[in-house]
Amino acid sequence: MRRGGLSSLRSRPPADYKFAQDQLAFRDPPRSSAGMLWRRYHSWALPAILSLCLVLLTWPATSWTAASATGRAAVQLAARADPPRKDDGFTDVVQWDNYTIFLHGQRMFLHSGEFHTFRLPVPDLWLDIFQKMVAAGLNGVSIYIHMGATNPAPGVVDFNDWRALQPIYDAAKLAGIFIVLRPGPYWERPYENDICINAETTAGGIAHWATSLVAGTLRTNASDWTAAYQPYVDGIIKATVPNEVTAGGASVQVDNEYSQSPITRAEYFADLEKQYRDGGLLVPLTYNDPGEGRNFINGTGAVDIYGLDSYPQGFDCSNPTHWAPVVTNYHQYHAQNNPSQPWYMPEFQGGSFDPWGGPGYDACEVLTGPDFQDVFYKQNWAGNAKLLSYYMFYGGTSWGGFPFPGVYTSYDYGSSIRENRALSPKFDEIKRQGLFLRSSPEFHKTDWIGDSSTGIPGVNVSNNAAFATLLKNPDTGAGFIITRQTDSTSTSSISFNITVPTSQGTLKIPLTTGGITLDGRQSKVIVTDYTFGAHGSVLYSTASVFFAGTIGSRDVLFLFGDADQSHETSLTLTGNGARVQSSRVQFSASRGPTTVTVLAGSTGLVTIWDSDTQLVLFADPVTAATFWAPAIPSATRDTIRGFEHYWQFGANTTVLVGGPYLVRNASLADGGHTLALRGDLNASVQLTVIAPPTVTGVTWNGERVDSLRATTQAHGRGFLTGQLTQRVSAKSVHVPQLTGWKFADSLPEIQPGFDDSAWVVADHTTTNISEKPLFGDGRVLFGCDYGFCENNVLWRGHFNGTGTETSVNLTINGGSSFAASVWINDQFINTVHNGGDQINSLFTFPEGSVKVGQDNVITVLQDHMGNDEADDEKSPRGIPGFQLNGGNITTWKVQGKVGGYLNFPDKVRGIFNEGGLFGERAGWHLPGFALSSAKFTARDLSEGLPDGNAGVGFFVTTFDLDVPEGTDTMMSFVFDGGVGNTGQAYRALLFVNGWKFGKRVANVGPQASFPVPPGILDYKGKNTVAVALWALENAAVSPSLDLVLDGVLDGGVGPVATNNPKWSPRPSV
């Protein structure tokens, strides 16, 4: 079922949620319990460098219970076949072999997604994202920490408010998800042991001040760079060490997407690793290598576990149905380069960023949609990768000055969870894959046997248009044949038969239908000798496995397949029960297993077999995706303290719940007779529950489900149905119109007599920024050299008029898609913007504009779009070249945000929130500012600036919200009816309760809608919205702005606190 917008919202649990783990195994337990290895250690290290470490810290270990989602027979694999395990020499709580990592002796498949908490600066909502990730079957979350946000000035480290790490760890523990911490300082999707993060964020995450003050090369062993980043890394260590694995914590990635050459880079990695180790982090360190670069596998700076990132679809969302072929050499690359380590992909494409003027993120969702996930993610499985993370899983918002110049405010990324936190159709596909991986411990340890290009012993595919890869568990013999079309880009359907080796001999399957169908851009996993639950056994299945395990005393197998295709499964049916009576389901059996054929046309949930020992279900993919398998807290003597909420390592009991938009968590009450569910609804739905037979009642968000009844043939077996009614809908939420706007001019700098005596004199003659001035008199006019490193910056060049001055030649650099407007005294000359990052232009003075014998001022207002990534972090934002034709500029003054990076006043919203516009400097955007003190007058936003000329004005209004409690309500501010590029020559900054949550460029686009979450919006009080309107030309503009309801869900994560400090007196602006 495809979701879109609000309608795609399901349901989720409140903040008091108690999450337990399903018990899917990440271990490779032996057939006898004696083979299990259980270890508990008090000291866990978070690798400061590797993302891999983080995952481990959050996982608890526990023994398997009778209600395990994966029964003992499936889970207890023979340890005798394990190769020797390795560790990092600091702890053996985390180990690895060539298959997977181990935590407390349990083998685990790391299944993770990327989420940047700074892109959702509301800590109470982090649990919402974590719960959704766990609900999709993920057990890990990869998190970048932004050096620039937390280290705003030299020696200043600020892990307060939304920058704090402890709330991340606490929410992750509550949700039961492991953290792969990627603190940078730099992020760039090719290296992961470095301070840099890239992530389409300004300077790749490096603190802006360092791009100006550090003379040495960043991200090397240069001494001044080392001194610059060490306090930040110390802060990461201090916050992380108390959250090591024994308490259920995180792991660390050294840096991100870098190269090992020249040696100064390798030594930089080694320095980072040493700092993390000296600080007390013990877990293995990892690295994220872009493009099969073979970096940091061996030699100086080498990490414990190497990882590869890959974005095979690229980033062109303008042609979203065009596919690149799958990458076919993943297994070979791993076998050649790091075969003794597990195959780790810390970043695999989960979406795409979109540039200024791009098609928008809905197109990016199509580019990397469910079909892409189906084919490309399973191709990773075919490469035998056992640690996977998707970038991004939730993209969020690049608010304030966070973006690098290539992207706009939204960082939706076309992700599985959209920017407004709604679930996309991609979420369903991840869940179908995630629950299979969680349910299939045999898949966690497999040997790569061969594929169609090399030949597979004992396997023959009848159609060359089909491509197969065989993975096999060396202990149990379970086989996993991953199939796709040889031409992975094909949109045509094909059919094939396949000969496979099984425990019952070589079989040519399917036996009862004409062939196995693969639609265009589709992949299937055919299982052989697959075990489920305590005693269940599947000889083979061309239907896909959604869920396998034990619920109560019954082994449960949930299969799915496309409704317009036929599917075949051969399995041993046990117990006394009933088969489905349907013309679309056929049974055939001789002496061995029963062959079940589901013919094309079968939709909805079909109960294939229902007995006292087994339950076998089949559904189409849409129906399967409406089911959830929440973990039930059920601590045992083997549960590790601090890991009670972690699947596999904490509780191992689960149920199946069908119908709700989202199931956040579940628990048993009343001695196991009541199943308490918490989650979200986007509609009234039928509830289906498959639980232990002791469960006779169900509550939903604390209220009893009165319509509950047992299905006829499953009476007394825990198969229950009922009705959930949505209590609150969109009609229940009042969204006010934005009226009552007040206006004030925000460009007094061009008016006669403006006093800039408090501004910084721009008189430097040297700079550490990479590019040097192009022309002029030697003065350096780069904003960051004067403390103004982000957002709008104003320059004022003074000269004494002689009457010979005719024009000024300026080269202005603001990053791609920037704009700059220039005035001589109070007369507008021109605005430049062409999509480039630097523009040279001659600004001719209007006749009579120069005042002879007086001080004249050239005013330049520029948009700072952020610093570049990679080797261009030291970006020359400002005026690299100037020449006054017919005269000389005597003094340059510069002004950005109040206080610059040393003394900016708003410590809560932080370094990136404000820029240098007069209204920002005065705090007009903040709640509680007295508009009367700045001579605001009534004027509607749609009227634009009073004279219709170029300039800047501030528009402010307030509105009240009273959103019903117990809901997750999503809202956006929408400019110009949602039209991305209206052609109107204006830029606008959107402030909501003081937070800069949008940059609108109306003549470029594409963004017109700006989601703003609760916590920024006050859902139970007064809200202040301000728009800084910059008219680029002497032409009237008429923007509109509406508050729009994106969707309303019953449920939600619980109370969400606001932290919106009000205006207080500021220094002179």
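**Salt bridges, strands and a helix pair**

Let's start with arginine 85, which counts as partly exposed at 23% relative accessibility (buried is under 20% relative accessible area, exposed is over 50%, and partly exposed lies in between, using a 1.4 Å probe and protein chains only). Before going on, keep in mind that this is a predicted model, where local features need pLDDT of at least 70, side-chain atom pairs count only at pLDDT 80 or more, and totals for chains, interfaces and linings use all residues. Residues are numbered from 1 along each chain as its sequence is written, and side-chain values use heavy atoms, with hydrogens and water left out.

What does arginine 85 form with aspartate 82? The two make a salt bridge, with their closest N and O atoms 3.5 Å apart (the term means a side-chain nitrogen of Lys or Arg within 4 Å of a carboxyl oxygen of Asp or Glu). Aspartate 82 counts as buried, at 15% relative accessibility. Side chains of opposite charge can pair when their charged atoms come close, and a search of the whole structure turns up 39 salt bridges.

Another one brings together aspartate 871 and arginine 265, at 3.3 Å from N to O. This pair ties distant parts of the chain together, 606 residues apart: aspartate 871 sits in the loop between β50 (855-862) and β51 (878-885), and arginine 265 in helix α8 (residues 263-278). (Helices are DSSP runs of H or I with at least four residues, strands are runs of E with at least two, and both are numbered from the N terminus.) Aspartate 871 counts as exposed at 56% relative accessibility, whereas arginine 265 counts as buried at 15%.

Next up are arginine 1000 and aspartate 976, whose side chains meet in a salt bridge at 2.8 Å, N to O. They are 24 residues apart, with arginine 1000 in strand β57 (residues 995-1001) and aspartate 976 in the loop between β55 (967-975) and β56 (986-992). Arginine 1000 is buried, at 0% relative accessibility, and aspartate 976 is buried too, at 12%.

Now for some strands. β47 (residues 820-824) and β48 (residues 827-832) run antiparallel and are joined by five bridges (strands pair if DSSP finds at least two bridges between them). Tryptophan 823 stands opposite phenylalanine 828 in β48. The two strands form a hairpin with two residues between them, and asparagine 825 in the turn has a positive phi of about 55°.

There is also an open sheet of three strands, in the order β15-β19-β20 and paired antiparallel. β15 (460-461) and β20 (505-509) are at the edges with a single partner strand each, so one side of each has no neighbour in the sheet. Valine 461 has isoleucine 498 in β19 as its bridge partner.

Finally, look at helices. In α5 (residues 166-175), the buried residues include Ile168, Tyr169 and Ala171, and just after α5, glycine 176 takes a positive phi of about 85°. The axes of α11 (residues 370-382) and α12 (residues 425-439) come within 9 Å and cross at roughly 30°, which makes α11 roughly parallel to α12 (angles under 35 degrees count as roughly parallel, over 145 as roughly antiparallel, 65 to 115 as roughly perpendicular and the rest as oblique). Those axes are lines fitted to C-alpha atoms, for helices over the stretch in contact, and angles run from 0 to 180 degrees between N-to-C directions.
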